[in-house]
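Please have the sequence and the model open as you read.

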Amino acid sequence: MSTRIAFLKGHGTENDFVIIPDPENAIDLPPATVAALCDRRAGIGGDGLLHVVRSAAHPEARAMAAEAEWFMDYRNGDGSTVEMCGNGVRVFARYLQRAGHVAEGDIAVATRGGVKTVHLAKDGDVTVGMGKAVLPEGDVTVRVDGRSWPARNVNMGNPHAVAFVDDLAHAGDLFTPPPFSPASAYPDGVNVEFVVDRGPRHVALRVHERGVGETRSCGTGACAVAVATARRDGADPAMTGTPATYTVDVPGGRLVITERPDGEIEMTGPAVIVAEGEFDTEWLAAAQR
């Protein structure tokens, strides 16, 4: 029998998501279902999917329920699960506000990367506490079309390789993952950011997100880029005691990233809900054949 399931569509600096409200974790979302929903021609379309579940109802989040009522069960557009999505958690918080679950101010959101603090400002921007960056040791190289660059290995709860280039066009089409070495640096794949300078503490990037391809924005990637750029510039807030703030332009807009002396990183940017509706489970079943 056909069933209709509610969805919304939202984006953060044009990193876009299908949103499935499912407080009691009653909707089965295997990878093929997620991929069908995120298909830009045959489905709703999105870089990823935000499955909105109460933490107490999800086995991966139950231990965080005392700290955060809601769990962002995030999936890439190919259906794979990942630890964290910075743009996604801002859109997730915007949905919770729209649905009346939370109000302006600070809220906590459970993710596979831990509990994140989100601030919903009156001016519409959303700030997310992204945690601390880890900078693994070891040299990494990325390659595109015969060119190669050294890359900074930065982990924001998910892995990133940050390469500084002369021209963002050197990143190529970014449809396929840029090769990197050594393979042992990223056994589960990596998000690769290509970065150019725009001015003092102002950079721009293009990114290949693992499991997706090139996206219009990547929140954890923008944070990784800000940290890598700060270290390149000789700025380490833990050493200076002074926060380091960078403006990071992404193809879909602008994010502001601040690394505090305690190592905590905050990301501020827009989050917009653009549509809502329903899809039919019979259509979805046919789309997966």
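Does Arg54 count as buried or partly exposed, and at what relative accessibility? Arg54 counts as partly exposed, because its relative accessibility is 28%; here buried means under 20% relative accessible area, exposed over 50% and partly exposed in between, with a 1.4 Å probe and protein chains only. A word on the ground rules: this is a predicted model, in which local features need pLDDT of at least 70 and side-chain atom pairs count only at pLDDT 80 or more, while totals for chains, interfaces and linings use all residues. Residues are numbered from 1 along each chain as its sequence is written, and side-chain values use heavy atoms, with hydrogens and water left out.

**Salt bridges**

Side chains of opposite charge can pair when their charged atoms come close. The structure holds 21 salt bridges, each defined as a side-chain nitrogen of Lys or Arg within 4 Å of a carboxyl oxygen of Asp or Glu.

| Pair | Closest N to O |
|---|---|
| Glu60 and Arg112 | 2.8 Å |
| Arg231 and Asp236 | 3.7 Å |

Arg54 belongs to strand β3 (residues 48–54), and Glu69 to the loop between β3 and β4 (70–76), so this pair links distant parts of the chain, 15 residues apart; strands are DSSP runs of E with at least two residues, numbered from the N terminus. Glu69 is partly exposed, at 44% relative accessibility.

Glu60 sits in the loop between β3 and β4, and Arg112 in the loop between β5 (105–111) and β6 (114–120), so their bridge ties together parts that are 52 residues apart in sequence. Both partners are partly exposed: Glu60 has a relative accessible area of 46%, and Arg112 one of 23%. Asp236, the partner of Arg231, is partly exposed with a relative accessible area of 23%. Elsewhere, salt bridges that share partners join Lys9, Asp16, Arg40 and Asp47 into one network.

**A buried charge without a bridge**

Glu193 lies in strand β12 (residues 191–199). Glu193 is buried yet has no salt bridge. The nearest side chain of opposite charge, Arg210, is 9.5 Å away; Lys and Arg count as positive and Asp and Glu as negative, with His and the chain ends not counted. Leaving aside residues up to four places away in sequence, Glu193 touches several residues, including His160, Ala161, Arg206 and Cys218, where contact means heavy atoms within 4.5 Å.

**Aromatic rings**

A search of the whole structure finds five aromatic pairs. Rings of Phe, Tyr and Trp (its six-membered ring) pair if their centres lie within 6.5 Å; planes under 30 degrees apart count as stacked, over 60 as edge-to-face and the rest as tilted. Trp149 and Phe194 are edge-to-face, because their ring centres are 5.7 Å apart and their planes stand at 80°. This pair links distant parts of the chain, with Trp149 in strand β9 (residues 147–155) and Phe194 in strand β12, 45 residues apart. Trp149 is buried at 10% relative accessibility, and Phe194 is buried at 0%.

Phe279 and Trp283 are also edge-to-face, since their ring centres lie 6.1 Å apart and their planes are at 70°. Phe279 is buried at 6% relative accessibility, whereas Trp283 is partly exposed at 30%. Phe7, Phe279 and Trp283 form one aromatic cluster.

How values were computed:
Helix = DSSP H or I, 4+ residues; strand = E, 2+ residues; numbered from the N terminus.
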